[in-house]
Amino acid sequence: MCKVSKFLLKFCGIVLLLNVGLFLVFFFDLDGKLLYRVVEPFLKRHYDNMDRKDPVKTPYDMEKFPKYKYDD
Amino acid sequence: MAKKDIKKALRDFWYGKPHSAEEGGRRLGELLEDKTQLYKHREWRGVKDTLYYFYMIWGYNYLHMVTDIIKYSNNPIDFLKGTWRYRWMGQTYLPVIHWFDRGLQGMRGEALAASAWHYRAMVSASIQQMCNFFNADTRLHHGKENNAYRHTILAKETTCGTLFYPWMDAGYRYVPIEMIPYFVTCHVNSHTVLNYIDAAQSIGLPGDPCPMCQAEAGIYVLDDVPDCSPMAITCNEACDGSVGTAILQDWFINKPLFALPLPMQFDDPLVKKYCMKEIEECWKFIEEQTGSPFSWESMVKRLELQNRLQRDEWEKWEVAGKTDYYPVNGVAQALFRIFSTQYGIQGDFWLEASEKVKKIMYKCVEKKINPFPQTRHRVIAWSCAPLYYSNWCTWAYNCWGLNTLINMDSLMFDMEMRTDSYENMLEDMATYHMWAPMRRMAVGGMHHIFELWEYMEKFNCDMVAMYDQLQCKGMQGVHGLFEDEFRRRDIKAFWMPHALPDCRTVSRAEIRSLINDYMTTVMHEEPLDPSLLDFDDSMTW
């Protein structure tokens, strides 16, 4: 078998395997299960523990900017 | 196995199981895990539709979520940094494909394909907005105010994107503050928004106003809004609750801010004149802040595209109203329309999706394909929908054969904009601005709430799904008027109580139970798929 045929056969095999693998992920909702049970709880913990600025401590300076009135 | 059983098994494999229980039913409820509603395994829709879903929806959208980031982001690393920094980003972006699953459950053939194209456009528009946020966000760029920051116009999500077309040719981008952090999250992952509602109440704000206004304030309280623009524009949409939000935003944004009013009594010609003047003042504010002049060419170019999208929609409505061949399901119709009309023409995704859907629709018309063959009732949904259960109409079709053809949100911006002169454009712009979401036929739309009857006739509907937003004081005030009219006109209608984004007030299960009760006790009908009658989805996205 020439090199080109071997390469094509190998390529088709890899594509087929990739398709079968992805189809299994799709059909058994493995993406959803991973996201719901692993990724989201991990991210939630991260967001819950994040240091955040307390915006309530920002002074509400109402005179800081002009009124932006253009009706004169 | 008997020959008959083998034949049925082969038929089910090739075409998918039939819809109704009488035909041996597909029992969709049994495919899902209790509480989380994750699939034990995804639905087998027959060879053709399963492969379509696998390649053209699941695979295609995962792939395009990545290519969209590359397309719209100045640096894809910023997207990752944004995901790490913002809760609404991480929790929303990941379950997107499961948002498709919920909306497209049980769909087959043309209904599956057409509805999915609407979803695709919405995902693309969302990614564009996320990238606009992160390209400009000083928090992701060591406090630096870069070029994208200086070219971003930040506005409240209910300030229509149409207003900002004149600056788009000069490279400015409109970013609606809450459309992604609040609105989209509720649909995709209903858990996220609860953090923001609770945050608003944690600083002592009352819990009884509209939870939308609370959540929009809450994203600021939790310091979860990108710092992406040197200015902001707010408005009072939908009600006085939003005025409260806008005051908090003025406080927390702490930058030049223009408050653009949205009149409640919008039918008054004098009010319209006032509104036109206010819009012009807003444009002057933008000119002053950006140093870039109003461009008529930029405005006209995009208004023409917007008008094209509107004409597309009218074509679709014509088919939806007069035939059984309209292929888009209730949730895909509603979300595509409210998203596209509010965000405006900021890219080519809306028109591309619309072209694809029209092609599918005309195929249905030509070949007389009914994409929803189990329709028992043609439903119009009125008032504001539960964001955490926008896919209720997919469930209602699968379980009861209720086909939601159209809804109030889709019908709000039912107009073209004139581009023949500045004066005409401005007048139409004021109308469009005043016909805002939750305004034209809801809060403030006192002369328009009963347009329901006209649209019922136009879309040939025989049933009304009446949303009942329990924390909307405006619409609560007209509850009794609708009750009276339903009785007087002998219209079949069921009420659907909810609290807009907050799934804790009225659960999805309670909503389903009310519809089940109506369908059994009033309509005396049997469910098409009994496995969908009662299930626990309390922990689902």
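**Close-up 1. Where chain A and chain B meet.** Chain B brings 29 residues to the contact and chain A brings 25, where two residues touch if their C-beta atoms, placed from the backbone, lie within 7 Å. On the side of chain B that touches chain A, the elements giving two or more residues are α2 (47–72), α4 (87–93), α5 (96–104), α10 (211–221), α11 (240–253) and α12 (269–290). Of these, α12(B) gives the most, with four residues. Sorted by class, that side of chain B has 16 nonpolar, seven polar and six charged residues. Here Ala, Val, Leu, Ile, Met, Phe, Trp, Tyr, Cys and Pro count as nonpolar, Asp, Glu, Lys and Arg as charged, and the others, Gly among them, as polar.

This is a predicted model, in which local features need pLDDT of at least 70, side-chain atom pairs count only at pLDDT 80 or more, and totals for chains, interfaces and linings use all residues. Residues are numbered from 1 along each chain as its sequence is written, and chains are lettered from A and ligands numbered from 1 in the order in which they are written.

**Close-up 2. Ser383(B), a loop residue with a positive phi.** Most residues other than glycine have a negative phi. Ser383(B) has a phi near 80 degrees. Look for Ser383(B) in the loop between β5 (377–382) and α16 (392–400) of chain B; helices (H or I, at least four residues) and strands (E, at least two) are DSSP runs, numbered from the N terminus. Ser383(B) is buried, with 26 other C-beta atoms within 10 Å.

**Close-up 3. Tyr68(A), with a positive phi of about 55 degrees.** Tyr68(A) isn't a glycine either, and sits in the segment after α2 (30–48) of chain A. With 16 C-beta neighbours inside 10 Å, Tyr68(A) is partly exposed. The cut-offs go like this: 20 or more other C-beta atoms within 10 Å means buried, 12 or fewer means exposed, and in between is partly exposed, with C-beta atoms placed from the backbone.
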